[in-house]
Amino acid sequence: MRFFARFLGLIFATGAIVFVVAAAGAGLVIWKYEQDLPDYTQLKNYEPPVMTRVHAGDGSVLAEYSHERRLYLPSTAIPALVKEAFISAEDKNFYTHNGVDPEGMLRAVGILIQGQKHVQGASTITQQVAKNFLLTNEQTFDRKIKEALLSFRIESAYSKEKILELYLNEIYLGLGNYGVAAAALNYFGKSVHELTIPEVAYLAALPKGPNNYHPFLKHDRAVERRNYVIDRMAENGYITRPDADKAKAAPLGVTTRVLSPNTYAAGFFAEEVRRELGDRFGEKKLYEGGLSVRTTLDPKMQLMARKALIDGLVRYDEAHGYRGPMRHIDIAGDWGPPLAVVPALGDVQPWRLAVILDLNDGSARIGIQPKHESDGSVSSDRDTGTMLPVGLKWSKGTGRNGLQSGDVVYAEPIEGKAGEYRLRQIPEVGGGIVAMDPYTGRVFAMVGGFSFDQSAFNRATQAMRQPGSSFKPIVYATALDNGYTPSSIVLDAPIEIDQGAGLGVWRPENFEGKSGGPHTLRYGVEHSINQMTVRLARDVGMPLIAEYAKRFGVYDDLPPYLSMSLGAGETTLMRMTTAYSMLANGGKKIKSTLIDRIQDRWGHTIYRHDERVCQGCDEAKWDHQDEPKLVDKREQVLDPLTAYQITSIMEGVIQRGTGQSIKAVGKHLAGKTGTTNDAKDLWFVGFSPDLTVGVFMGYDRPRSLGDSAQAATYTAPIFRDFMTMALKNKPDIPFRVPAGIKLISVDARTGQRSSGSGTILEAFKPGTAPPEGYAGDSSPRAVVVNPDADTAVGSGTGGLY
């Protein structure tokens, strides 16, 4: 017995020693690995990369920018059903273990030994958080030890809900989506709150290997894995068995969302916003900062602007003839695959690429480019149609000198005639259109060319072009602000300007090539008389005109040469439209903007375009105090009376001058045409009382648009078509007449008081109206507008308002 007792004591002592040694060894190992563990406390302030979302003015999503498509949701905003699906798929004991789940490890080993299909990982959700946030993906024993140690620490420092929040926002779920919010949106077009049982189960099936369960390429495996998750949800008591069976019978239902500014034909607009965000905040903030950007875009008006511009560009292009097919393909067999690989522009709807199949008596049978299936294959559907002679009339016809079988062209469906198309081609000429609120500078619509997919160069903001005669209203507004009246007389006659040593003599000519004698300022603008404008600029002084041009934002530093009075300097369509807005709003300085407001990921406003101060707007309640007041500190760059005078004159451009085609709109409108030398640039910029619109047309590499090309023929109709759509069903509002303006009946030719035929109502500032004694006098003469007028005009150094 004594020996046996000693033997037991020896065994016990040995076991104790082994236990102590093992414990010490384990402690040493733990101590060793703990020295090199990442700082898990950084999870507290973790800010993952979140995509920036750009919204149109009505709140609809216009574009998204990101390196990782992620929308971050706090745990309280994630529905229980979503959490339950991921817990069932990844970690059924999540709410009961301390970071590492021994039961899960044994279960995973057992399933592996049994050779079952649905292999379970032994890592808990907490371990996956540790690995994804703090460690690498290397499959080593060292990494697994660190993962387990970090999991214990994370569990002791953070709540289960915080750990689950980190996991559900960080996990990669395929197709570029990170986190459940982005995946719900891009797989199903829904918010997480709208997801059904089969939908949450499919998302929960993805973490094990998104590529293994691709919704289209590996559809059957995806359905099998989804149904496995549904069964686990039922076993865990999260859903009933009848609901599970119903969910398993449902189709996968994935319809990947394709977000594109092309939805609103707004590629140029969205890209301009992206550039501004990058310039303002930097690329990292743009692609990872989770900005929420509310733009000024009006989707309906944007579509109107694109249609008006495209129709105008096509109208010019077709008038200059058909240039031939895009390419030629072999149609001896199935024409679908060779046509499908021809690159098509994605933003020229409803145009479609088509191939000429056969020709008959001037008409053509065409095949429409088939669509690609979600797996990348070409659809087996083959749509055909007919191009009737009326759709081909502007081409060279058919046969040897025209279209041939196998030619690839663009075709536009004829509205109301199923299966009938007309021939189209991509215009070589470029152009742009901008629609703006004249009181705030908010850009409602902007199109920078025929197709953003074809060329991202924005002709509305990036193209530096000569505005030509569309700059003349700035010249005349300068004169009106410094002593002239609309009835002042300027001579329309040949003029020679000595440009200085070695530069020769400049002899500006009128567009028609002839002169008409003395005319009023109004006549000079309405009929765009060059020689009158140059004489006026010489009298007012180019330095003063340059100052006004700078104040209006047309030019930063206009050289004081008289040729610049005819719009020889270079500027952009956006700048010109903004300048005209200041004429429309009564002379207030505005800045054009495509962005109303920017918020950071937490909802804090970090930029707002409207800088007006609202006094009293932050009161908690109304207690008989004065109503809130907006304080407008914008600079007054032009006398409001002058602004109305030039507006009234530009109304005459449409009523009697170079923009008469616009009268068809039937609303009060003002504006000015602009045609440069050799017709390299065509413009029309104008406005209603509440909307300013600028239009430009020209080749990207400037060349003449033709001997007969005029703004009145090509850009004015684009303005007309847009305004017809934009102002439809809106009341016809006259331009607001500011206090102090006197409207006096004058002879349109002489500018003198008259009550007979050919009279118009002219706008005069106090004390500047034509003398009563001139009533009925038919001879043009200059009007003395105030005692200092001769000095102010003659010296060319008139003062600014």
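Which residues touch the most other members in the largest nonpolar core?

## The largest core

In this predicted model, the largest nonpolar core holds 84 residues, and those that touch the most other members are Phe 269, Phe 471, Leu 536 and Phe 552. Helix α20, which spans residues 573-584, supplies the largest share of this core, with eight residues. Apart from this core lies another one, made up of 54 residues, including Leu 168, Ala 181, Leu 195 and Leu 203. As a general background, nonpolar side chains tend to be buried together in soluble globular proteins.

Leu 536 can be followed in more detail: once its neighbours within four places in sequence are left aside, Leu 536 is in contact with Val 475, Tyr 476, Ala 479, Tyr 484, Val 490 and Leu 521.

Thr 642 belongs to helix α21, which runs over residues 640-655. Because its relative accessible area is 0%, and buried means under 20%, Thr 642 counts as buried.

The side chain of Thr 642 makes a polar contact, at 2.7 Å, with the side chain of Asp 481. When neighbours within four places in sequence are set aside, the residues in contact with Thr 642 are Ala 477, Leu 480, Asp 481 and Lys 765.

## The chain as a whole

The protein chain contains 23 helices and 26 strands, and 51% of its 801 residues are buried. Among contacts between residues at least 6 apart in sequence, 69% join residues that are at least 24 apart. The accessible surface of the chain comes to about 37100 Å², and carbon and sulfur atoms account for 52% of that surface.

Notes
Residues are numbered from 1 along each chain as its sequence is written. This is a predicted model: local features need pLDDT of at least 70, side-chain atom pairs count only at pLDDT 80 or more; totals for chains, interfaces and linings use all residues. Side-chain values use heavy atoms; hydrogens and water are left out. Helices (H or I, at least four residues) and strands (E, at least two) are DSSP runs, numbered from the N terminus. Buried means under 20% relative accessible area, exposed over 50%, partly exposed in between (1.4 Å probe, protein chains only). A polar contact is a pair of N or O atoms within 3.5 Å; within protein, one must be able to donate a hydrogen and the other to accept it, and residues adjacent in sequence count only if both atoms are side-chain atoms. Contact means heavy atoms within 4.5 Å. Accessible areas come from the Shrake-Rupley method with a 1.4 Å probe; for residues, only the protein chains shown count as cover. A nonpolar core is a set of buried Ala, Val, Leu, Ile, Met, Phe, Trp, Tyr and Cys residues joined through side-chain atoms within 4.5 Å.
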